[in-house]
Amino acid sequence: MKIVIIGGGVVGVSSAYALARRGHDITLLESSSRVGEQTSYANGGQLSYTQVEPIANAYLWRQLPRLLLGRDPAFRITHLFDSTLLRWAVQFLRACHSQQERTTIANMLRLGLYTQTVTAQYMAQTEIQFHHRHSGKLCIFQCPKAWQESIKRKTIKNQNGASVQSLNAEECVAIEPQLAHKQSQLVGGLYAKIDECGDSHLFCQALAHYCQKKYTMQLIYDCPVTGWQLHNNRIQAVTSHSDHFAADYFILCAGIDSVSLARLLGIRLPIYPLKGYSITLPAQSGAPQTSITDMQAKVVFSLLGNHLRIAGIAELAGYNKIIDKHRVEQLRQAGEKLFPQAADYTADPHGWCGLRPYTPDSAPIIGESPYTNLFFNTGHGMLGWTLACGCAEITADLVEHRTPAIGLDGLTLARF
Ligand SMILES: Cc1cc2nc3c(=O)[nH]c(=O)nc-3n(C[C@H](O)[C@H](O)[C@H](O)COP(=O)(O)OP(=O)(O)OC[C@H]3O[C@@H](n4cnc5c(N)ncnc54)[C@H](O)[C@@H]3O)c2cc1C
């Protein structure tokens, strides 16, 4: 079949691979001049198959006043009077209860664990290099209340097939010796051995190159899709300026821009940008070998090749992609505080920001659309890098009218 994929981020490139490998004729349309240049460019690098809990949770109600008053340095709202945000926020707050949280964790864990297997298969099939490591992941806690809440989530996760260990401070240091100087401040940690890390930008580039070399895939850069040609409830073609691209099937993987493209079709995708930042510094001998999430500062650390990636911050700031230098400095300071010997903190931090395509319940939107030959693979929020390969394989199954390996409850547009 002839298939057009819109968007060459980690989700679009993975989808292209899944379908090209099955023998389909793929055209990948990318508005930038390279793949993986938007949100997939410098994310936290964590492949967090088991840390899938949604931001929308019952505990958030207690934190809400602090968040709204701007007392959490990791969170900021600057776009309060945006009607799209208000509609999204209502859906988000409706998802902040324990039953929904449980359901989302179960759905996301099913997807995360499946994705771990698929990612390993893709690596074995392609042998592409992207600074991948079986790093494990350790979430560390300094606040007793947050630690207690996380233990409840750990129990739900382990009931749903994960194997997350709770550790005391001493055990955290045994897993990651670079935390030794912080031992007295830690109340505990959650460790997932199966979690990994890797550079999603390198992955996009290497996988796209592999597809072009090995399969029938046309990759067209500087090609922003601007419209759709329809016939009844089928898409006939997409247009980009004066060009048009006809196909049997279309997959929408345009990250945060999926929203405006879907709107042209009269579809409202409940996805809002959650802006985040990262810095990337030359690593030094004190760099953590384990992927770390500091739950107090809400900052993640991944060692990618000989660089340390430090990422975090959640801003509801609309579609604004201006890099705020204070945020870059905030990440640098968070790094220096937790791991003073981990990186050359005097080097250029390569400050970057990206817009996470975020749904109210933190789960992606994959699968059918109201148009018979259009599928969604978008809205992956904080976990697009983690979930890309699993979602690609599911999308390929759906296009071929096969039953995906996992159930899609809570992962399609129908839940909204
Ligand atoms: C600070 C930060 C840290 C993060 N850390 C992690 C992490 O540790 N682990 C994790 O799993 N995830 C993480 N994420 C989330 C992850 O990066 C995203 O979920 C993921 O990159 C989304 O991929 P995507 O392909 O959907 O979107 P994108 O990477 O944005 O790709 C969409 C592509 O579509 C193209 N496009 C847009 N419009 C059009 C159009 N009209 N026509 C053609 N092409 C178009 C864009 O140019 C872009 O290349 C993080 C995100 C941020 C911001």
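The model is a predicted one, in which local features need pLDDT of at least 70 and side-chain atom pairs count only at pLDDT 80 or more, while totals for chains, interfaces and linings use all residues. Residues are numbered from 1 along each chain as its sequence is written.

Helices (H or I, at least four residues) and strands (E, at least two) are DSSP runs, numbered from the N terminus. Two packed helices are described by the angle between their axes and the distance between the axes. For H1 and H7 (residues 200–214) the angle is about 30° and the axes lie 9 Å apart; axes are lines fitted to C-alpha atoms, for helices over the stretch in contact, and angles run from 0 to 180 degrees between N-to-C directions. Their crossing is left-handed, a term that applies if the near helix is turned anticlockwise from the far one by less than a right angle, with right-handed used if clockwise. On the H1 side the contact involves Val 10, Val 13, Ser 14, Ala 16, Tyr 17 and Ala 20, and on the H7 side Ser 200, Phe 203, Cys 204, Leu 207, Ala 208 and Cys 211; two residues are in contact if their C-beta atoms, placed from the backbone, lie within 7 Å. These residues divide into 10 nonpolar, two polar and no charged. Here Ala, Val, Leu, Ile, Met, Phe, Trp, Tyr, Cys and Pro count as nonpolar, Asp, Glu, Lys and Arg as charged, and the others, Gly among them, as polar.

H1 also packs against H10, at an angle of about 40° with the axes 8 Å apart. That angle makes H1 oblique to H10, and the crossing is right-handed. The residues that H1 brings to this contact include Val 10, Ser 14 and Tyr 17, and those of H10 include Gly 384, Trp 385 and Ala 388. By class, the contact of H1 with H10 has 12 nonpolar, four polar and one charged residues.

A further partner of H10 is helix H4 (residues 98–126), which packs on H10 at about 85° with the axes 7 Å apart. H4 is therefore roughly perpendicular to H10. From H4 the contact draws on Leu 111, Gly 112, Tyr 114, Thr 115, Val 118, Thr 119 and Tyr 122, and from H10 on Thr 386, Leu 387, Cys 389, Gly 390 and Glu 393. Six of these residues are nonpolar, five polar and one charged.

The description now turns to the sheets. Six strands form an open sheet in the order E9-E2-E1-E13-E20-E19, with mixed pairing; two strands pair if DSSP finds at least two bridges between them. Strands E9 (217–220) and E19 (365–368) stand at the edges with a single partner strand each, so one side of each has no neighbour in the sheet. From one strand to the next the twist averages 15°. H10 packs on this sheet, touching E1, E13 (249–252), E19 and E20 (374–378), and its direction makes about 170° with that of E20.

Within the sheet, E1 (residues 2–6) and E2 (residues 25–29) pair in the parallel sense over five bridges, and Ile 5 stands opposite Leu 28 in E2. E19 and E20, by contrast, pair in the antiparallel sense over four bridges, with Thr 378 in E20 as the bridge partner of Ile 365. A hairpin of five residues joins E19 to E20.

Another open sheet has three strands in the order E10-E11-E12, with antiparallel pairing. E10 (227–231) and E12 stand at its edges, each with a single partner strand, so one side of each is left without a neighbour in the sheet. Neighbouring strands here are turned by 30° against each other on average, direction ignored. Four bridges join E11 (residues 234–240) to E12 (residues 243–246); Ser 240 stands opposite Asp 243, and Ala 237 has Ala 246 as its bridge partner. The hairpin of E11 and E12 has two residues between the strands, and His 241 there takes a positive phi near 55°.

Finally, 43 residues surround the ligand, the closest being Gly 9, Gly 44, Gly 255, Gly 276 and Gly 384; a residue is near a molecule if its C-beta atom, placed from the backbone, lies within 6 Å of it. The elements that give two or more residues to this shell are H1 (10–21), E14 (272–282), E18 (352–358) and H10 (384–399). By class, the shell has 16 nonpolar, 23 polar and four charged residues.

Note on methods
Parallel < 35°, antiparallel > 145°, perpendicular 65-115°, else oblique.
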